[in-house]
Amino acid sequence: MDKFVIEGPTKLKGKAVVSGSKNASLPMMAAAILTDKDVILNNVPNLRDIDTMCQLMLKLGCECEREDKTLKINCANISSDFAPYDLVRKMRASILVFGPLMARLRSAHVSLPGGCAIGVRPVNLHINAIRSMGGDVDIENGYIIAKTERLRGETIYFDIPTVTGTENVMMAAVLASGKTVIKNAAREPEVVDLAKMLKKMGAKIEGEGESVIEIEGVDYLDGVEYTVMPDRIEAGTFMCAALITQSEIEIENAPLFAMDAILDKFVEVGGEYELAENGLIVRGRQIKPTMIKTAVYPGFPTDMQAQFMAVLSLAKGTSIIEETIFENRFMHVAELNRLGANIVVSGSKAVVEGVDRLIGASVMATDLRASASLVLAGLAAHGRTEVLRIYHLDRGYESLEKKLTQLGAKIWREKQ
Ligand code: EPU
């Protein structure tokens, strides 16, 4: 196991290049199941989660090869509908093969993901939707076991606009018979990016990015070459790095079209930005306190909550952060407090009393975004910070320590 060592405080300078989006790449990889032709994905980040999804594709009998940032997947000879617990427990997003398997093979044997560090995270909405589309679904020994003659279009109403649920149903519906309408669909940019890719394969989808998506099933989908959108959460994390170190940096490839809520909050807490040729230049100033409430897109993303909390721990005044998406996404609080932050959690709210300085310590990463917040805090903390268990970070941030080193940070990887 590796850890990061950070010597702080640091000033950053220079340019960070944002990689392709993890949460857009993963469903697109699963979408390769829907065709017997090549699916070529460009701008795919080199991450642990992407490797796990590739392993899953191989297990299903597909080919999955990477060359630099390009993935080539071919599912012409897909031979299995089995997604084992071994892989699914490593990465919940494995559930994304459920919809495509039901569409292409008309059967699926997929492990239930179980809970995770940020919440219970059930997949009941995915299962109910596939059932109402004509899937015969049982749960046995921790597995979803499902089959169908052929899925049929249906009106699906989601109680909660679930991101991977919307993606799963969209992928199931593109090859179903008739029309599927998803109401209260997730509007996240990654859902839209998936829809664009599916349309390029010949799918008939309307309304992506809105809360009602309509899909007319077709009999066949073609291969595709598609370039994955840049990662808005990685871009936002670099913005927080500029804020917490009060530095000026350039962020290349930031997907501004998907970042309104993040940009607004950035300015509210004292950041400044200007558009650059291919991204933006951001400047951190005196950090101001604020209120943050996470929400589904286009609201403030839960995946940026922990990073902003690290920043606000150094604000002049008191901030309140409310987490509304996941019930247990404050695991970073105790670790930030070990670095000298003053944060108190009460139910779904955290009260962040700004302190003058953070002081280096050993802290433990518990999930992906929590880990990022600890790295950010480490950049500002005085002395040496060690962030343990950074395998969480490797799941979702490509070469974070290299990118930060290029910006002038003193951060390196060591064996734990
Ligand atoms: N929910 C249910 N039942 C379901 C599905 C969801 O109750 O069947 C609940 C969840 O428990 C949660 C809420 O609905 O409270 C929203 O969950 P959602 O299904 O939207 O989350 P997800 O699809 O599992 C994706 C991202 C997460 C991101 C969330 C919210 C991927 C692979 N994952 O998860 O990304 O936090 O949407 O935006 O796209 C991350 O990258 O660090 C990460 C956790």
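1. The sheet containing strand E2. Four strands form an open sheet of mixed pairing, in the order E2-E15-E17-E16; two strands are taken to pair if DSSP finds at least two bridges between them. Helices (H or I, at least four residues) and strands (E, at least two) are DSSP runs, numbered from the N terminus. Strand E2 (13-17) and strand E16 (271-276) are the edge strands, each pairing on one side only. On average, neighbouring strands of this sheet are turned by 20° against each other, direction ignored. Such angles run from 0 to 180 degrees between N-to-C directions, and the axes are lines fitted to C-alpha atoms, for helices over the stretch in contact.

2. Basis of the model. This is a predicted model, in which local features need pLDDT of at least 70 and side-chain atom pairs count only at pLDDT 80 or more, whereas totals for chains, interfaces and linings use all residues. Residues are numbered from 1 along each chain as its sequence is written, and side-chain values use heavy atoms, with hydrogens and water left out.

3. E2 and strand E15 (residues 248-252) run parallel and are joined by five bridges. Lys15 has Glu250 in E15 as its bridge partner. Helix H8 (residues 232-245) lies across E2, E15, E16 and strand E17 (279-284), and runs at about 175° to E15. Helix H9 (residues 260-268) lies across E16 and E17, at about 135° to E16. Contact means heavy atoms within 4.5 Å.

4. Division into domains. The protein chain is divided into domain 1 (2-19 + 230-415) and domain 2 (22-227), with bounds that come from an automatic or database domain assignment. Taken over C-alpha atoms, the centres of domain 1 and domain 2 are separated by 30 Å.

5. Extent of the domain interface. In domain 1, 24 residues are in contact with 20 residues of domain 2. The two domains bury about 1900 Å² between them, 53% of it on carbon and sulfur atoms; buried area is the accessible area (1.4 Å probe) that two parts lose on being put together, summed over both. Tyr297, Arg395 and Glu398 lose the most area on the domain 1 side, together 31% of what that side buries.

6. Between domain 1 and domain 2 the count is two salt bridges, a salt bridge being a side-chain nitrogen of Lys or Arg within 4 Å of a carboxyl oxygen of Asp or Glu. Nine residue pairs are in polar contact between the domains (both at pLDDT 80 or more). A polar contact is a pair of N or O atoms within 3.5 Å; within protein, one must be able to donate a hydrogen and the other to accept it, and residues adjacent in sequence count only if both atoms are side-chain atoms. Helix H12 (368-380) and helix H13 (391-396) each supply at least two residues of the side of domain 1 that touches domain 2. H13 gives the largest share of that side, four residues.

7. Salt bridges. The count comes to 25 salt bridges. Glu234 forms one with Lys403, the closest N and O atoms being 2.7 Å apart. Because Glu234 lies in helix H8 and Lys403 in helix H14 (residues 400-406), the pair ties together parts that are 169 residues apart in sequence. Arg232 forms a salt bridge with Glu190, with the closest N and O atoms 2.7 Å apart.

8. The sheet containing strand E8. Another open sheet has four strands in the order E6-E7-E9-E8, with mixed pairing. Strand E6 (82-83) and E8 stand at the edges, each with a single partner strand, so one side of each is left without a neighbour in the sheet. E7 and E9 pair in the antiparallel sense over five bridges, and Ser107 stands opposite Lys147 in E9. Strand E8 (residues 136-140) and strand E9 (residues 143-147) also pair in the antiparallel sense over five bridges, with Ile139 opposite Ile144 in E9.

9. Backbone points to check. Most residues other than glycine have a negative phi, and most peptide bonds are trans. In the hairpin of E8 and E9, with two residues between the strands, Asn141 takes a positive phi near 50°. Arg121 has a phi near 50° and is found in the loop between strand E7 (107-111) and helix H5 (124-132). The peptide bond from Gly8 to Pro9 is cis, with omega near -5°; Pro9 is in the loop between strand E1 (2-8) and E2. The bond from Tyr297 to Pro298 is cis, with omega near 10°, and Pro298 is found in the loop between strand E18 (291-293) and helix H10 (305-312).
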